[in-house]
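This report looks at the space inside one protein model and at the ligand held with it. Please view the sequence and the structure together while reading.

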Amino acid sequence: MSQAFLPLCRPAIDDNDIQAVTDVLRSGWITTGPKSAELENQVQQYTQTSHVVSLSSASAGMHLVLLALGVGPGDEVITPSLTWVSTVNLITLLGAKPVFVDVDQDTLMTTAELIEPLITDKTKAIVPVHYSGASLDLDALYALGDKHGIAIVEDAAHALGTEYQGRPIGKTGTCLFSLHAIKNVTTAEGGILTTHDAKLAERVRRLKFHGLGVDAFDRETQGRAPQAEVIEPGFKYNMPDICAVLALGQLERIEQITAKRTELVTYYRQQLAQLDGFTPLAIPEYDHKHCWHLMIVRVDPSQTGINRDDLIAALKVRGIGAGIHFKAIHTQKYYRENYASLFGEINPNLSNTERNSQQICSLPLFPSMELTDIDRVIAAIKDIVGQ
Ligand SMILES: *Cc1c(COP(=O)(O)O)cnc(C)c1O
């Protein structure tokens with residue numbers, strides 16, 4: 001008998017979360033309202049930041065933050081190529097130039113040393129990525145930003161629950177968290193901005209709802225003030241309450257969620273250590289708490305006899321889901337074909353990005369997994385490569 005498919009990811013939603021969504025559906029107020037406000041308060045306390053804005057996605061939030069920073073034609077924004085495509089697409093759509101920075105070969109995170117040589121008088125912002133649940137080396141990055149007077153926007157899509165030197169990610173500066181279905185805390189689709197910059201928060205709050213002078217929900221009137229008017233043209237990037245409510249319970253359980261992920265990853269890493277040519281990411285040495293968003297292993301074909309793409313296909317045949325986080329953006333069709341004509345020469349020093357882009361494979365990791373599921377993944381890998 002074949003076993004049930006083991007997916008790459010399953011959200012950590014329990015019966016109380018489902019009940020909470022049902023309650024919102026019955027309440028008569030399903031879009032942005034009291035529950036998204038409650039989520040903002042909860043995230044504010046958890047991350048110890050000053051201002052929190054709930055959004056329809058982290059990508060939407062990145063769009064508004066880049067806009068608010070004035071990113072436009074003639075500007076450059078430095079960000080890794082080894083990340084999700086959203087930030088680079090947004091920089092491009094805003095008419096600015098994405099400048100790709102390489103990453104550390106084993107943590108897949110960029111560093112102040114790699115970024116500094118790429119800074120020019122056109123650099124408007126730096127968007128580094130907390131990778132797979134580990135923390136960036138924030139002190140070095142913010143020191144660099146301060147030295148050159150350039151804004152840092154942390155892509156914290158993987159890092160709700162991560163800490164750096166005892167501080168939750170979100171406490172230090174401006175961050176965008178994703179609550180997409182695969183992320184450690186999810187609203188199905190959703191994003192959160194955290195910042196100490198009151199003006200930025202106010203602008204994003206306005207731009208996320210058509211540029212109106214007030215947010216969608218007014219506590220006194222249980223609705224939007226009918227006389228609200230457009231202060232500037234804006235977008236439609238608000239988070240509905242039926243989504244927001246889903247995250248409230250997960251955020252209360254976040255320590256348990258992280259603990260379970262840590263237990264699973266510890267076991268994975270022990271098991272993978274017995275195999276040749278399957279190397280997990282390195283854990284940064286500076287003081288941080290990892291939230292283990294992804295279980296990434298590098299598949300070195302010279303040792304395993306199989307390349308990453310064939311491994312993923314072979315795992316699928318055996319009922320196991322795997323993924324790629326991420327395919328280097330500069331190697332994808334649009335950027336491969338258009339970067340040079342749009343922006344000029346691409347940074348030639350992206351070798352760590354390119355090698356890892358070929359080799360990284362994300363294995364199933366989610367809190368309702370059991371250690372026996374990991375045994376199954378390891379047995380499948382051994383079977384595939386004949387080790
Ligand atoms: C998921 C993700 C995003 C985008 O988040 P959305 O909420 O889906 O817009 C951005 N950056 C990284 C690194 C991600 O993994």
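## The ligand and its pocket

The ligand sits in the largest pocket, where sitting there means that more than half of the molecule's atoms lie within 2 Å of the pocket's grid points. On a 1 Å grid over the protein atoms alone, a pocket is an open set of points with protein on both sides within 12 Å along at least five of seven lines, whereas a cavity is a set of points where a 1.4 Å probe fits but cannot get out; lining residues have an atom within 4 Å of a point.

This is a predicted model, in which local features need pLDDT of at least 70 and side-chain atom pairs count only at pLDDT 80 or more, while totals for chains, interfaces and linings use all residues. Residues are numbered from 1 along each chain as its sequence is written, and side-chain values use heavy atoms, with hydrogens and water left out.

## Contacts around the ligand

Of the 15 residues around the ligand, those that come nearest are Ser59, Asp155, His158, Ser178 and Lys183, a residue being counted if one of its heavy atoms lies within 4 Å. This shell divides into five nonpolar, eight polar and two charged residues, where Ala, Val, Leu, Ile, Met, Phe, Trp, Tyr, Cys and Pro count as nonpolar, Asp, Glu, Lys and Arg as charged, and the others, Gly among them, as polar.

A polar side-chain atom of His158 lies 2.7 Å from a ligand oxygen atom, and for a polar side-chain atom of Ser178 the distance to an oxygen atom of the ligand is 2.7 Å. In the side chain of Lys183, an N or O atom is 3.2 Å from an oxygen atom of the ligand. Taken alone the ligand exposes 380 Å², of which the protein buries 92%, with accessible areas taken from the Shrake-Rupley method with a 1.4 Å probe.

## Enclosed cavities

A search of the whole structure finds three cavities of 30 Å³ or more. The lining of the largest cavity comprises 14 residues, with Ser132, Arg269, Leu281, His290 and Trp292 nearest its centre.

Notes
Grid points are joined across faces, edges and corners, and a volume is the space filled by probe spheres set on the points. A polar contact is a pair of N or O atoms within 3.5 Å; within protein, one must be able to donate a hydrogen and the other to accept it, and residues adjacent in sequence count only if both atoms are side-chain atoms.
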